[in-house]
Amino acid sequence: MGFGQMGFSSWWRFSSIVAVLCLLSFEVVEGYPVEDLVVNLPGQPKVGFRQYAGYIDVDVKNGRSLYYYFVEADKYPNIKPLALWLNGGPGCSSIGGGAFTELGPFFPEGNGRGLRRNSMSWNRASNLLFIESPAGVGWSYSNTTSDYNTGDAQTAKDMRDFLLKWFEKFPEFKSRDLFLTGESYAGHYIPQLAEVLLDHNAQSTGFKFNIKGVAIGNPLLRLDRDVPATYEFFWSHGMISDEIGLKVMNDCEFDDYTFASPHNVSDSCNDAISQANGIVGNYINNYDVILDVCYPSIVEQELRLRKVATKISVGVDVCMTMERSFYFNLPEVQKALHANRTSLPYRWSMCSSVLNYSDTDGNMNMLPILKKIINNHIPVWVFSGDQDSVVPLLGSRTLVRELAHDLNFKITVPYGAWFHKGQVGGWATEYGNLLSFVTVRGAAHMVPYAQPSRALHLFSSFIRGRRLPATSQIPVEG
């Protein structure tokens, strides 16, 4: 039947149907799940890349499901690698943190009802995958309440099962380079995930994860070194007195410090720690000591009244976390993100109120697992924002050096400044071509949040296998 016999209206309907079918077949051929496509987020600026979000069932019997958000690279997504990002806690949301506060394509608007573009999103360099893990975090859930009693081992296993099923949904990424990244307690999540993926590879006669690198920011690696570094940071930054600093260092044996019993130390040590914490006070953001703080009660009122809540400090919106929580709890936002499919009996929050995470797993030493990863010829970068007092660079730098010594690695890049846009981006050193320690100047616990341009430069160098530039391209007048 030709065009003349059909008539214009019939032809138009036929053409529309064909166009829709072609679109659907295009999605299927490309291996992307149509049902998870995020068509448009409320208040979202127009972009050229696609977003997907939804659930992966990791335990059908128990009804345990993890929620994910995936965003394509801004350009050439079909050839760029895949980077997984996890936030820490334990029990805090990688979508709330990484995706919508740090390195994803959008930030919340000041009124909490829309989004603005993040010009320094890491999707300029890579495809990005964010997962709310473990179940009980954000919109991830279980129908079996006992699943909320969990720890590192189960979290790593669930993440492995998630990724195996996610690659079935997105098969074109099965052979793509995979980079594992995260921050804070992801210093546990990421190494242990890498280990179970490597174990899978060793046992599998079929699909193998194509892991190309591990990068962890301000990571908890060994509690008995990371905790004293906090008080060294307070002391070196003038936040406590010499008298209190010396008392903490002399009276505290941090080898006995654990998450389960953080005050399983002497009375004099407890007294010194209490005095130090009291002097630092509640009006400092310990995760970024140079930022001003946001006052939640004032911001919540402004958001309800549809006023702009944004408060700027050192070029950063310090109330972004409040604006983000407001946005994620809008019903239209959850619908657009295919989230909260079981109508959870609590609001979305950055860190879980239902999770009962192991209070002993945080005491584990991650250096042996990092050693195993490196022995599999996978590069490891540890990076630190230098304004973080929670997991300061002082501890991380020492631990990386100890790991290098254990590996018998020589220094391949001496400790020195690296540059970005003609300025010092931070300092870096490299051991044995596979282990690097990098600081990011002016950054905090959440490096991409505080220093987005330097963080993007660091990430781009990492996934391209390039060293950070050790010289400035701008001549210094003298």
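What is the handedness of the crossing of helix 6 and helix 7? In this predicted model, the crossing of the two helices is left-handed. The helices concerned span residues 223-236 (helix 6) and residues 242-251 (helix 7), and their axes come within 10 Å of each other, crossing at roughly 160 degrees. Because angles over 145 degrees count as roughly antiparallel, helix 6 and helix 7 are roughly antiparallel to each other. On the side of helix 6, the contact is made by Pro-228, Tyr-231, Glu-232 and Trp-235. Helix 7 contributes Asp-242, Gly-245, Leu-246, Val-248 and Met-249 to this contact. By residue class, the contact of helix 6 with helix 7 divides into six nonpolar residues, one polar residue and two charged ones.

The buried residues begin with Ile-95, continue through Gly-96, Gly-97 and Gly-98, and go on to Ala-99, Phe-100, Thr-101 and Glu-102.

Turning to the chain as a whole, the secondary structure comes to 15 helices and 18 strands. The chain has 478 residues, and buried residues make up 55% of them. Of the contacts in the chain with a separation of 6 or more, 71% are accounted for by residues 24 or more positions apart. The accessible surface of the chain comes to about 21100 Å², and carbon and sulfur atoms hold 54% of this surface.

Methods:
Residues numbered from 1 in each chain as written. Predicted model: local features only at pLDDT ≥ 70, side-chain atom pairs only at ≥ 80, totals over all residues. Heavy atoms only, no water. Axes fitted to C-alpha atoms, helices over the stretch in contact; angles between N-to-C directions. Helix = DSSP H or I, 4+ residues; strand = E, 2+ residues; numbered from the N terminus. Parallel < 35°, antiparallel > 145°, perpendicular 65-115°, else oblique. Left-handed = near helix turned anticlockwise from the far one by under 90°. Contact = heavy atoms within 4.5 Å. Nonpolar A, V, L, I, M, F, W, Y, C, P; charged D, E, K, R; others polar. Buried < 20%, exposed > 50% of the residue type's maximum accessible area, 1.4 Å probe, protein only. Areas by Shrake-Rupley, 256 points an atom, 1.4 Å probe, with all protein chains shown as cover.
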